Amino acid sequence: MKITNVSYERLDLKLSEPYTIAYETISKAVNFILKIETDTLAIGYGCAAPDAVVTGESPQEVEQDIKDIIIPFLKGKNSFMSTEILHDLKPLLKRKSSALAMVDMALLDLVARKIDTPLYQFLGGYRHSIPTSITLGILPIENTLRIAGDYVKEGFFILKIKGGLSVEEDIEKMIRLRDMFPSTQLRFDGNQGYTVKEAIAFFEGTKKVGIEIFEQPTKEGMDELLGQVTKNTGIPVMADESVKTLKDTFRLAQNERVDMVNIKLMKVGGIREAMHINSVSQSAGLEAMVGCIDECRLGISAGLHFALSRQNIKFADLDGHLDMIADPFKGLFKLDKGILYPSKAAGLGRIKD
């Protein structure tokens, strides 16, 4: 299939509820939608969600790369030669992971649509649905309890709590959440906010809570600190910001620094790179979660299809679309009582054009 036309759209999306994590407060997001057309009339779509911290990109950089590099590079290429395309494109984009993820996503979507198959089945297919957590940013304790109660009433049964600013408050928050919701699964994300001493203190203070996952408590780039937390706590410790490349995964696994990894398509550069990271994780006995950043439903759909295609991915945190105002994509998947189900349509799901 020869690529005949490539176009894009910029989405400036406001969040209905701004949220706070250990290092910033977020109230809006920029996404880019790439559309690839071919001489067979088959079309593929991809999404980029640049983030200064997670992907190392600004929206301006990604938009310039789309105009100056991606569009002219893709035109005329054989879309079936997608591995070659991505290999040759990557050095041109340098460290532009969400832009690369967008192209990767669109090329995979294109082929899956061409053969009229949902993307997760084209990728191999392992399951047909997966539960997702719902994330609560850093809020006063009473607000956290109230919002958590609303989510539980909606049917969510996995709560992911952001923290990292105050160990004492984080401990109290988790204890009170457990008291209020005894059957709800609780996960905690330190977002690099803790020292090793603080992370161990958090573990000691929440032993009776039964926290399922302790995500990225210490700073990225300091693997030995993350390893100390893993060694001295009884909660599965997950790397997030510390895992941005295949080399990161191999290094953490080789040195037994963590128990789990959080794979985000925007962070690692797409589904194919995510597959490699998951394979290394699986070979090292590390379970994987598919996470997200502030992505519209198209980006979330890609994460979902990837998660459904791999045995080692047992966890999902795919809620980045829920607070987005004016997300143009509808019906790509269903979220029902905390469980995500893909569309039966081809590729990433039916998109009205």
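**Pro-18, the annotated lysines and the fold around them**

Leaving out residues up to four places away in sequence, Pro-18 touches Ile-26 and Ser-27, where contact means heavy atoms within 4.5 Å. This is a predicted model, in which local features need pLDDT of at least 70 and side-chain atom pairs count only at pLDDT 80 or more, while totals for chains, interfaces and linings use all residues. Residues are numbered from 1 along each chain as its sequence is written, and side-chain values use heavy atoms, with hydrogens and water left out. Pro-18 sits in strand E1 (residues 3–21); strands (E, at least two residues) and helices (H or I, at least four) are DSSP runs, numbered from the N terminus. With a relative accessible area of 48%, Pro-18 is partly exposed, a label for values between buried (under 20%) and exposed (over 50%), using a 1.4 Å probe and protein chains only. Pro-18 and Ala-49 are 31 residues apart in sequence, and their C-alpha atoms are 17 Å apart in space.

Zooming out, the protein chain has 12 helices and 14 strands. Its radius of gyration is 20 Å, close to the 20 Å that the globule rule gives for 353 residues, so the chain is as compact as a globular protein of that length. Here the radius is taken over C-alpha atoms, and the rule is 2.2 Å times the number of residues to the power 0.38. The C-alpha trace spans about 60 × 40 × 35 Å along its principal axes. Of the 353 residues, 58% count as buried. Among contacts with a separation of 6 or more, 73% come from residues 24 or more positions apart. The chain exposes about 14700 Å², and carbon and sulfur atoms supply 51% of that; accessible areas come from the Shrake-Rupley method with a 1.4 Å probe, and for residues only the protein chains shown count as cover.

Now for the annotated residues. The UniProt record, in an unreviewed entry, places the feature "active site" at Lys-162 and Lys-264. UniProt positions follow the numbering used here, feature names are shortened, and annotations may be inferred rather than shown by experiment. Both Lys-162 and Lys-264 are included in the lining of the largest pocket. On a 1 Å grid over the protein atoms alone, a pocket is an open set of points with protein on both sides within 12 Å along at least five of seven lines, in contrast to a cavity, where a 1.4 Å probe fits but cannot get out; lining residues have an atom within 4 Å of a point.

Lys-162 belongs to strand E6 (residues 158–162) and is buried, its relative accessible area being 11%. Beyond four places in sequence, the residues that Lys-162 touches include Thr-20, Ile-21, Phe-188 and Asp-189. As for Lys-264, its place is in strand E10 (residues 260–264). Lys-264 is buried too, at a relative accessible area of 7%. Its contacts, again leaving aside residues up to four places away, are Asp-240, Gly-291, Cys-292 and Ile-293.

The "binding site" feature comes from UniProt as well (unreviewed entry), and it lists Asp-189, Glu-215 and Asp-240. These residues span 52 residues in sequence, yet no two of their C-alpha atoms are more than 9.3 Å apart, so they gather at one spot. From this set, Asp-240 is part of the lining of the largest pocket. Asp-189 lies in strand E7 (residues 185–189) and is buried, with a relative accessible area of 0%. Apart from neighbours within four places, Asp-189 is in contact with residues including Lys-162 and Glu-215. Asp-240, for its part, is found in the loop between strand E9 (237–239) and helix H9 (246–254). Asp-240 is buried at 2% relative accessible area, and among the residues it touches beyond four places in sequence are Glu-215 and Lys-264.

An open sheet is formed by 3 strands in the order E4-E14-E13, with antiparallel pairing; two strands pair if DSSP finds at least two bridges between them. Strand E4 (130–131) and E13 stand at the edges with a single partner strand each, so one side of each is left without a neighbour in the sheet. E13 (residues 333–336) and E14 (residues 339–342) run antiparallel and are joined by 4 bridges, and Asp-336 stands opposite Ile-339 in E14. The hairpin of E13 and E14 has 2 residues between the strands, and Lys-337 takes a positive phi near 50° there.
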